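User: Could you walk me through this model before I set anything up with it? I would like to go through it piece by piece.

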Amino acid sequence: MRHGRRQGSQGVPARCRADRPAGLRPLIHQPSLATIHPATEADRPLADSLHQDCSESNLLLRWGRTRITHRDFTRLLDHCDVWIGLDAEGRPLAMVSAGLVSHEAGVVDLGLQVADAHQRRGIGTLLARHAADHARRSGAHTLTAYLHAANTPMLRLLARLGPAVHTRDGSHLDVRIPLGDIPAGHAPS
């Protein structure tokens with residue numbers, strides 16, 4: 001099959017329009033990350049919209065509860081640098097935070113939320129790399145994430161950022177990634 005574009009097909013590459021088995025959905029029709037926007041208190045409606053696009057189980061994995069309040073967002077902004085990943089129309093797809101939550105010198109805590117419909121597309125990895133690069137430029141030597149041990153998608157994402165040390169804490173893991181081992185903007189895939 002030729003990998004060019006057909007006339008009159010609204011710019012969709014021919015390889016993306018080919019007949020697919022019924023169980024496969026085309027990713028070309030899904031919005032993709034267009035910009036990473038530094039969040040402020042004025043972006044609370046974007047954060048609310050993002051959380052509405054997350055299942056209760058997704059929210060539970062990230063926040064430890066299923067209802068995220070305005071106060072939660074304000075507290076996140078108070079303790080962290082926060083960015084919202086937007087699609088081309090300005091809709092929120094994901095949010096990442098990097099901050100001194102653990103209050104350990106040189107250690108930056110990572111928080112990440114990707115809307116259910118946009119997971120497993122590299123958006124979370126891109127935002128996590130953005131946060132890691134920011135932390136490194138700010139002088140941090142370690143990126144850490146505290147997560148449920150069953151959160152295998154996040155564990156895979158963290159492994160892409162570099163060599164990690166996992167410390168078990170009951171049903172949770174404290175994952176630490178030395179930032180000096182990752183060249184800025186580059187990480188193993």
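Analyst: What follows goes from confidence to the fold, and then to single residues.

User: What is the mean pLDDT of the protein chain?

Analyst: This is a predicted model, in which local features need pLDDT of at least 70 and side-chain atom pairs count only at pLDDT 80 or more, while totals for chains, interfaces and linings use all residues. Residues are numbered from 1 along each chain as its sequence is written, and side-chain values use heavy atoms, with hydrogens and water left out. The mean pLDDT (the predictor's confidence in each residue, from 0 to 100) is 79 for the protein chain, and 79% of its residues reach 70 or more.

User: And where does pLDDT stay under 50?

Analyst: One such stretch is residues 1–30, for which the model has 22 contacts beyond four places in sequence, a contact being heavy atoms within 4.5 Å. The other stretch I can give you is residues 181–189, with 17 contacts beyond four places in sequence.

User: OK, the fold. How many helices and strands are there?

Analyst: The protein chain has six helices and seven strands, taken as DSSP runs (H or I of at least four residues for helices, E of at least two for strands) and numbered from the N terminus. Read from the N terminus, the order is α-β-α-α-α-β-β-β-α-β-α-β-β.

User: In what order do the strands sit in the sheet?

Analyst: The seven strands make an open sheet with mixed pairing, in the order S1-S2-S3-S4-S5-S7-S6, where two strands pair if DSSP finds at least two bridges between them. Strand S1 (35–38) and strand S6 (165–169) are at the edges, and because each has a single partner strand, one side of each has no neighbour in the sheet. On average, and with direction ignored, neighbouring strands are turned by 25° against each other.

User: How do S6 and S7 pair?

Analyst: S6 pairs with strand S7 (residues 172–178) in the antiparallel sense, over five bridges. Within that pairing His-166 has Val-175 of S7 as its bridge partner, and Val-165 is opposite Arg-176. The two strands form a hairpin with two residues between them, and Gly-170 in the turn has a positive phi of about 65°. S7 also pairs with S5, again in the antiparallel sense, over seven bridges, and there Val-175 is the bridge partner of Ala-145.

User: Which strands does H5 lie across?

Analyst: Helix H5 (residues 123–137) lies across S1, strand S2 (80–86), strand S3 (92–99), S4 and strand S5 (142–148), and it runs at about 25° to S3; the axes are lines fitted to C-alpha atoms, for helices over the stretch in contact, and angles run from 0 to 180 degrees between N-to-C directions.

User: Which residues have the most contacts inside the largest nonpolar core?

Analyst: They are Leu-110 and Leu-158, in a core of 30 residues. Such a core is a set of buried Ala, Val, Leu, Ile, Met, Phe, Trp, Tyr and Cys residues joined through side-chain atoms within 4.5 Å, and buried means under 20% relative accessible area, exposed over 50%, and partly exposed in between, with a 1.4 Å probe and protein chains only. The elements giving two or more residues to this core are S3, S4, H5, S5, helix H6 (152–161) and S7, and H5 supplies its largest share, six residues. A second, separate core of 16 residues includes Leu-50, Ile-68, Leu-76 and Ile-84.

User: Switching to H2: which of its residues are buried?

Analyst: In helix H2 (residues 44–52), Ala-47, Leu-50 and His-51 are buried. They are on the same side of H2 because they cover an arc of only 95° around the axis, the arc being that of the directions from the helix axis to the C-beta atoms. The face turned away from this buried side carries the exposed residues Pro-45 and Gln-52. The cover over the buried residues of H2 includes helix H3 (56–63), helix H4 (70–79), S2, S3 and S4.

User: Last one, Gln-113: buried or exposed?

Analyst: Gln-113 counts as buried because its relative accessibility is 1%, and its place is in strand S4 (residues 107–114). Beyond its neighbours within four places in sequence, Gln-113 contacts residues including Leu-50, His-51, Trp-63 and Met-95.
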